[in-house]
Amino acid sequence: MVLEQPSDAELMTRVRRGDQDAFAELVDRHKDAVVSYAARLTADRDRAEDLAQETFLRLFRAARDYTEQGYLRAFLFRIATNLVRSEERRAKRLRLLTPFLPRQEHAEPAAPSGMLRREMHRELAAAVAKLPLRYRVPLVLHEIEGWSYVDIAQEMGCREGTVKSRVHRGRLQLKAKLEPYWNGGATWKTTG
Amino acid sequence: MEDHRLGDLLRELPRERARPGFTARVLNRLESAERQPAIPRLALAGAMAAFLAVGASVLVDARKEAAEAAQARQALRQIRAEHLRLAQEVRDLSAPPPVVYLGGNEKVDLVLDLGKVDGSEGATPVVYHGETF
């Protein structure tokens, strides 16, 4: 006999009543997706893990006000996006306040003449994480998470055309950032 | 770089997975967050009470200070008035009595001291050479 898994909506109903087992089941169900999404937005594995944890805590706290719309993962992604946005604003304010502190430079990868796939992934992930959030979110949702433009537009509360335009601009910026690596690695640092 | 190649690369990015124990860590954080509010609430109440006390004390101090300043200003006005009155009195007392220079030579000056003339109060000479004496 196969027991049917409770739906997200059913679990959220139980979470609303303070059921931690239901909450744990929801976390188990969506943790990889949220961590992966946060990792794509930040290009930082540890930060992504923290953000994902905070996302689930916010979900628990917001459970009372949550209204089922059929797609909990979208709600989780929205929380994660807002957390990233808040973090980046805080970081920006901090940078404005501390202009004279030495910047922690991101270490350039040492690369051989050929483009290693892993290096390319690392560069790409870093470049994605540096895009403005308004381009980053739709780009990640569309290109990596596989969402349709319509779904993204619904989630972001804007028109489909706006989403398409932002994804396009995001792509252009990514290409510009990656062009040097792509065209023979003119700016790659080489190891002695 | 072509669009489709960029898209392929983006989709090729390895999917991160939550580390083992992720759910347990979330639940621990949830429990500790639920346990903690009692202390912050107390701390918040304490901080609020302290803030109100300090605020009230500052208000009382400010009012007291304003009253004291008003009193000090009043006292200062009285002292200044008293000082003016006394200064005038000193000037009146120290002023030489008016005298009328009548003439004289190298050794003797002939003057009429009005201070010694009965009923001469208020009478002033036509020419007053006070600085001679």
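Biologist: What are the ipTM and pTM of the model, and what does chain B average in pLDDT?

Modeller: The pLDDT is the predictor's confidence in each residue, from 0 to 100. Where pLDDT is low, the predicted coordinates should not be read in detail. Chain B averages 79, and 81% of its residues score at least 70. Within chain B, helix α2 (residues 22-35) has the highest confidence, at 88, while β1(B) has the lowest, at a mean of 77. The model scores ipTM 0.71 and pTM 0.60.

Biologist: How many residues does each chain bring to the contact?

Modeller: Two residues are in contact if their C-beta atoms, placed from the backbone, lie within 7 Å. Chain A contributes 30 residues and chain B 22 residues. On the chain A side, α2 (20-42), α3 (45-62), α5 (117-130), α6 (133-144) and α8 (160-182) each supply at least two residues. The element that gives the most to this side is α2(A), with ten residues. Helices (H or I, at least four residues) and strands (E, at least two) are DSSP runs, numbered from the N terminus.

Biologist: Which classes of residue make up the side of chain A that touches chain B?

Modeller: Ala, Val, Leu, Ile, Met, Phe, Trp, Tyr, Cys and Pro count as nonpolar, Asp, Glu, Lys and Arg as charged, and the others, Gly among them, as polar. That side of chain A has 16 nonpolar, ten charged and four polar residues.

Biologist: Which residues have the most contacts inside the largest nonpolar core?

Modeller: A nonpolar core is a set of buried Ala, Val, Leu, Ile, Met, Phe, Trp, Tyr and Cys residues joined through C-beta atoms within 7 Å. A residue is buried if 20 or more other C-beta atoms lie within 10 Å of its own, exposed if 12 or fewer, and partly exposed in between, with C-beta atoms placed from the backbone. The largest such core has 45 residues, and Ala38(A), Ala52(A), Ala80(A) and Val140(A) have the most contacts inside it. The most residues in this core, nine, come from α2(A). Beyond four places in sequence, Ala80(A) touches Val34(A), Tyr37(A), Ala38(A), Leu51(A), Ala52(A) and Thr55(A). Buried residues of α3(A) include Leu51(A), Ala52(A) and Thr55(A).

Biologist: Is Glu123(A) buried or exposed?

Modeller: Glu123(A), which is found in helix α5 of chain A, is buried because 22 other C-beta atoms lie within 10 Å. Leaving aside neighbours within four places in sequence, Glu123(A) is in contact with Leu178(A) and Tyr181(A). Glu123(A) and Leu178(A) are 55 residues apart in sequence, yet 7.7 Å apart in space, C-alpha to C-alpha.

Biologist: How do β1 and β2 of chain B run?

Modeller: Two strands pair if DSSP finds at least two bridges between them. Strands β1 (residues 99-104) and β2 (residues 109-113) of chain B run antiparallel and are joined by five bridges. Val100(B) has Leu112(B) as its bridge partner, and Val99(B) has Asp113(B). A hairpin of four residues joins β1(B) to β2(B). Of the six residues of β1(B), the number buried is zero, so β1(B) lies largely in the open.

Technical notes
Residues are numbered from 1 along each chain as its sequence is written. Chains are lettered from A and ligands numbered from 1 in the order in which they are written. This is a predicted model: local features need pLDDT of at least 70, side-chain atom pairs count only at pLDDT 80 or more; totals for chains, interfaces and linings use all residues.
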